[in-house]
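Hi everyone, thanks for making time this morning. I'd like to walk you through one structure, so please have a look at it before I start.

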Amino acid sequence: MSNKQNKYLVQGSILAVSSILARLIGMLYRIPLNRIVGDTGMGYYSMSFELYNLALLLSSYSIPLAVSKLVSVRDQKKEYKNSYRIFLSAMALSASVGLFASAVLFFGATFWAGLIGGENAADIAIPLRVLAPTIFVFSIMGVLRGLYQGKRTMVPTAISQLLEQIVNAIVSIVAAYYLMREHNASVQIDAYGAAGGTAGTLAGAVFGLLFLLFIFQVYHPVLKKKCRKDKAEHQESYKEAITAIVYTALPVIISQTVFNLSGIIDAKLWTWLAGERGILKEQSAAIFGIYSTKYKLLTTVPIAISTALGTAIVPTLAMAHQKGEQKELHKKIAMSVKFNMLIAFPSAIGLTVLAKPIVLLLFGDNGNVELSAELIRLGSIAVVFFALSTITNGVLQGIDRMMVPVKHAAISLVIHIPIVYLLIMVGKLDAYGLVIGNISFAFVVCILNWISVAKALHYKQEVMKTFGLPFAASVTMGFVAYFSYEFFHRILHSNAISVVLSIVIAVIVYGISIILLRTMDEEELLEMPAGRSILKLCKKLHMM
């Protein structure tokens with residue numbers, strides 16, 4: 001497994017590209033899935049996923065990060081046997097916890113669904129039972145991904161993500177169609193359609209795991225060879241290894257659980273408050289389906305970049321922090337934040353100006369298009385806040401401030417609950433209240449994280465080139481995107497072609513604006529993926 005290209009931005013970008021492609025596949029397959037099962041079915045689908053995600057977080061979600069960090073640190077010291085022992089201990093621990101969590105979710109599906117679903121509990125339990133075994137599969141897959149990431153290669157994770165989503169997409173659509181057809185006389189037809197969607201998640205996870213196991217089989221002799229070159233002064237026991245894993249993983253579990261609780265609480269608050277306001281059960285599920293499937297899905301696609309860079313930066317920062325390389329730490333943080341903002345700002349502006357055309361392109365005239373577009377316009381700013389909060393979480397975890405993001409997420413959640421309650425019950429804003437609550441949650445975490453990073457590392461973020469110029473270039477791009485779409489739509493009368501053409505023109509304009517505004521210097525550009533090629537092109541065109 002080659003480490004020739006082990007720069008964290010390159011590796012992070014590999015994972016980011018695969019994450020974006022995986023999310024695009026995930027978004028695209030939900031278009032036919034949404035048309036098959038409808039907004040109500042997607043509501044049941046989304047609520048079952050909120051419970052599943054929480055169980056996954058509690059059982060195995062933090063394992064890749066913990067394993068990657070611990071393996072990276074030990075490999076740096078050439079403690080290859082200790083590194084391998086971390087992997088074996090994590091596998092045993094994660095598989096055991098994952099199996100237990102799967103059983104609890106499967107056999108207690110109706111009970112767990114009742115906690116957030118109210119009258120919809122029986123409908124949510126059906127897709128939830130199908131999802132339950134996926135936790136065990138992910139518990140094993142997560143350890144393997146953590147091992148590869150700790151070795152500073154994101155390629156196995158990237159390929160497994162893509163394979164997972166491709167299988168997920170195919171199986172979800174086919175299973176949803178057949179289950180809806182088989183149960184077309186049932187009052188729970190929407191729930192069975194949702195179960196078809198969750199069957200795809202399980203199938204995709206199995207195929208992703210098989211790929212990672214194949215890679216491990218190929219890579220295993222290399223691991224054994226490295227163990228023979230071990231230079232550790234102290235051989236860790238399995239007890240020490242498990243203690244290190246738990247110590248590293250537990251704060252991440254708590255932090256991510258608190259983050260995920262906002263989704264669970266939103267689902268619970270919505271079903272309760274919608275009932276209090278006299279909204280019918282099916283209508284309530286449909287509105288939540290629009291919020292979770294259309295708004296959250298579209299706004300979280302660009303956040304995949306932050307998640308990928310956050311994953312890639314943890315082992316790199318851990319090594320720099322251990323060596324006391326303060327200057328290197330600052331440089332990596334600055335580059336990660338700038339790279340994030342170069343993506344987050346245009347994504348947010350693009351979603352704002354092209355919200356309705358994008359909804360029509362992806363989901364068709366199916367369901368409440370106007371409501372979907374309005375939610376996306378209102379909540380697009382959340383892309384920037386979530387991008388910043390995600391990358392700063394990675395920074396704090398990388399420098400061993402593991403519990404700090406936990407505290408910040410908890411504070412934000414305490415603020416989040418009364419905001420959502422007041423917006424829905426007093427302001428009667430319904431789905432708009434959920435979106436505003438989503439924005440406020442990310443914003444509070446973002447601010448608190450930045451304060452902690454600044455204090456812990458005496459770090460001061462450069463503002464103009466990181467935030468000001470990307471925002472200015474994004475606004476310019478937004479105007480071009482909006483008027484391009486209007487121009488093409490009037491001439492061609494095709495929403496799909498107009499959206500594609502306007503996005504292509506907007507990307508070109510944004511790229512040129514970034515260069516002309518001198519947002520990045522030559523050294524920074526060379527650090528970026530494909531930076532050398534971009535720099536050569538800019539010099540040929542006399543833009544730099």
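Arg145 touches Phe138, Thr157, Ser160, Gln161, Glu164 and Leu212, leaving out residues up to four places away in sequence; contact here means heavy atoms within 4.5 Å. Arg145 sits in helix α5, residues 121–150. Helices are DSSP runs of H or I of at least four residues, strands are runs of E of at least two, and both are numbered from the N terminus. Is Arg145 buried or exposed? At 10% relative accessibility, Arg145 counts as buried. The cut-offs are under 20% relative accessible area for buried, over 50% for exposed, and partly exposed in between, with a 1.4 Å probe and protein chains only.

A quick word on what you are looking at. This is a predicted model, in which local features need pLDDT of at least 70 and side-chain atom pairs count only at pLDDT 80 or more, while totals for chains, interfaces and linings use all residues. Residues are numbered from 1 along each chain as its sequence is written, and side-chain values use heavy atoms, with hydrogens and water left out.

Now the overall picture. The chain has 20 helices and zero strands. Of its 544 residues, 58% are buried. If you take contacts between residues at least 6 apart in sequence, 83% of them join residues at least 24 apart. The chain exposes about 22,500 Å², and carbon and sulfur atoms supply 67% of that area. Those areas come from the Shrake-Rupley method with a 1.4 Å probe, and for residues only the protein chains shown count as cover.

On to helix packing. Two packed helices are described by the angle between their axes and the distance between the axes. Axes are lines fitted to C-alpha atoms, for helices over the stretch in contact, and the angles run from 0 to 180 degrees between N-to-C directions.

Please turn to α17, residues 464–492, and α18, residues 495–516: they pack at an angle of about 150°, with their axes 8 Å apart. That is why α17 and α18 count as roughly antiparallel to each other. For the naming, under 35 degrees is roughly parallel, over 145 roughly antiparallel, 65 to 115 roughly perpendicular, and the rest oblique. α17 passes α18 in a right-handed crossing. A crossing is right-handed if the near helix is turned clockwise from the far one by less than a right angle, and left-handed if anticlockwise. On the α17 side, the contact includes Met477, Val480, Tyr485 and Phe488, and on the α18 side it includes Ile497, Leu501, Ile505 and Val509. What does the contact of α17 with α18 look like by class? There are 16 nonpolar, eight polar and no charged residues. Here Ala, Val, Leu, Ile, Met, Phe, Trp, Tyr, Cys and Pro count as nonpolar, Asp, Glu, Lys and Arg as charged, and the others, Gly among them, as polar.

Next, a second pair. The axes of α3, residues 80–107, and α7, residues 189–227, come within 8 Å and cross at roughly 140°. The crossing of α3 and α7 is left-handed. Tyr80, Lys81, Tyr84 and Phe87 of α3 meet Phe216, His220, Leu223, Lys224, Lys226 and Cys227 of α7. By class, the contact of α3 with α7 has six nonpolar, one polar and three charged residues.

While we are on α3, find Ala101, which lies in that helix. Ala101 is buried, at 12% relative accessible area. Ala101 and Leu56 are 45 residues apart in sequence, and their C-alpha atoms are 7.9 Å apart in space.

Now the loops. Most residues other than glycine have a negative phi. Lys428, which is not a glycine, has a positive phi of about 55°, and it lies in the loop between α15 (404–426) and α16 (431–457). Lys428 is exposed, with a relative accessible area of 51%. Asp430 is found in the loop between α15 and α16 too, with a positive phi near 50°. Asp430, however, counts as buried at 18% relative accessibility.

One last stop: Lys460, in the loop between α16 and α17. Lys460 counts as exposed at 77% relative accessibility. Lys460 and His330 are 130 residues apart in sequence, yet 8.7 Å apart from C-alpha to C-alpha.

That's my tour, and I'm happy to take questions.
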